[in-house]
Amino acid sequence: MRLMSLRFTAGFEKYMFIIMPLTLLLGVMLSDQLISYVSWAPYLFGYVTFVMAIGCGVRHLKKVVQRPAVMVVTLVLSHVLAPLIAYFMGTMLFGASSGYTIGLVLFTIIPLGVSSVLWVSMSYGSVPLMLAMVVLDSALSPLVVPGLIELFFGAEVQFDTPSLIKDLMLIIVVPTILGVIVYELSKGKFKEWSAPVTAPISKLCFMAVVLLNAAAIAPHVSNLDSSVIMAIISITFVVALCYIIGFAGSFLLPYVSREISVTMSYASGMRNISLGLVLAMGYFSPEAAIPVVLGILIQQPLATVQHAVLKRFAPVKDQSLAAR
């Protein structure tokens, strides 16, 4: 069973760029049957967050605190520079209060994505640093997400800030804290011991979140106008730019290494899309969910491109590491 579980998890991660579009398509096709279960999405996502956090302990978080410049620069690039670019692009193309503009900005202010850990590992970045940044950024999300939405859109967009903060606490912060506690109590052994069960269930829950949110937006898809084509182009540009600014921004640090550059590149480029879907459908118009949905289709294939580019132009010099 353990071997089958690990193979399933590895296969899911390897072919995620195919699985996610198919899951989205299935959700749209089965919208009538799934629409009544959409309210389950936040709870399923909470479990995904918990499984992410059981791989991170206090010592990992201390490493980030000991190297605050990496975290600060990454968050500034991800949640300040990228949202500014997304906002001005969306304003020029769709208007400041357009759902598409909100969706573009929302993509850039949601927490860093846990799937980035996989790509950081394959590209020989710093997995502990990446995981710790994901956990800390997730913990900050109840302040960052509503604060930036209010800053960028103010009175133009009406949403329930207290409820948004409450939901972020329940589906992000609480599971994260519980996961770190479990890590500490088990001295890091719980994740390995439970992986045959928790890992595949986590992947299935992730799929379910995408499936249910695709079902939720399906009734609105037929009402979309031709501007959706421009939305596809703009979110592709934003995602690609996030990868680039993460890598380039690493050279702002007083010390930089290939490991840090790779880690920051994926950290900036990959976001917690399933959370973005939950927030977009729960608090904004269906149009706002479109860039987030497109982000699922785009960020994984672009991660593959990023991996190939790094392998070609920034190869691992330590051959013992590359052979590991």
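Guide: Leu 25 has its place in helix α2, residues 16–29. Please note that the model is predicted.

Visitor: What makes the surface patch that includes Leu 25 a nonpolar one?

Guide: The patch is made by Tyr 15, Ile 18, Leu 22, Leu 25, Leu 26, Met 29 and Leu 30, and its area is about 680 Å². Tyr, Ile, Leu and Met are among the side chains that count as nonpolar, and a patch takes residues with over 30% relative accessible area, joined within 5 Å.

Visitor: Why is Ser 194 called buried?

Guide: Ser 194 is found in helix α11, residues 189–221. The relative accessibility of Ser 194 is 6%, and buried means under 20%; therefore Ser 194 counts as buried.

Visitor: What does the side chain of Ser 194 reach, and which residues is Ser 194 in contact with beyond its neighbours within four places in sequence?

Guide: The side chain of Ser 194 reaches the backbone oxygen of Phe 190 at 2.7 Å; the limit for a polar contact is 3.5 Å. Leaving aside neighbours within four places in sequence, Ser 194 is in contact with Ile 54 and Ala 199.

Visitor: Why is Tyr 47 called partly exposed?

Guide: Tyr 47 lies in helix α4. Its relative accessible area is 24%, and the class in between runs from the 20% limit of buried to the 50% limit of exposed; Tyr 47 is therefore partly exposed.

Visitor: Which residues is Tyr 47 in contact with, leaving aside neighbours within four places in sequence?

Guide: They are Val 197, Thr 198, Ile 201, Ser 202 and Cys 205. As for Val 80, 33 residues apart from Tyr 47 along the chain, the two C-alpha atoms are separated by 29 Å.

Visitor: How do you know that α4 is mostly covered?

Guide: Of the 13 residues of α4, 10 are buried. Among them are Leu 44, Phe 45, Val 48 and Phe 50. Helix α4, residues 41–53, reaches 19 Å from its first C-alpha to its last, close to the 18 Å expected.

Visitor: What covers the buried residues of α12?

Guide: The cover includes α6 (68–93), α7 (99–109), α13 (258–269) and α15 (286–313). Ser 227, Ile 235, Cys 242 and Gly 249 are among the buried residues of α12.

Conventions
Residues numbered from 1 in each chain as written. Predicted model: local features only at pLDDT ≥ 70, side-chain atom pairs only at ≥ 80, totals over all residues. Heavy atoms only, no water. Helix = DSSP H or I, 4+ residues; strand = E, 2+ residues; numbered from the N terminus. Expected span 1.5 Å × (residues − 1). Buried < 20%, exposed > 50% of the residue type's maximum accessible area, 1.4 Å probe, protein only. Patch = residues over 30% accessible without salt bridge, like charges linked within 9 Å, V, L, I, M, F, W, Y side chains within 5 Å. Areas by Shrake-Rupley, 256 points an atom, 1.4 Å probe, with all protein chains shown as cover. Salt bridge = Lys/Arg side-chain N within 4 Å of Asp/Glu carboxyl O. Polar contact = N/O pair within 3.5 Å; in protein donor to acceptor, adjacent residues only side chain to side chain. Contact = heavy atoms within 4.5 Å.
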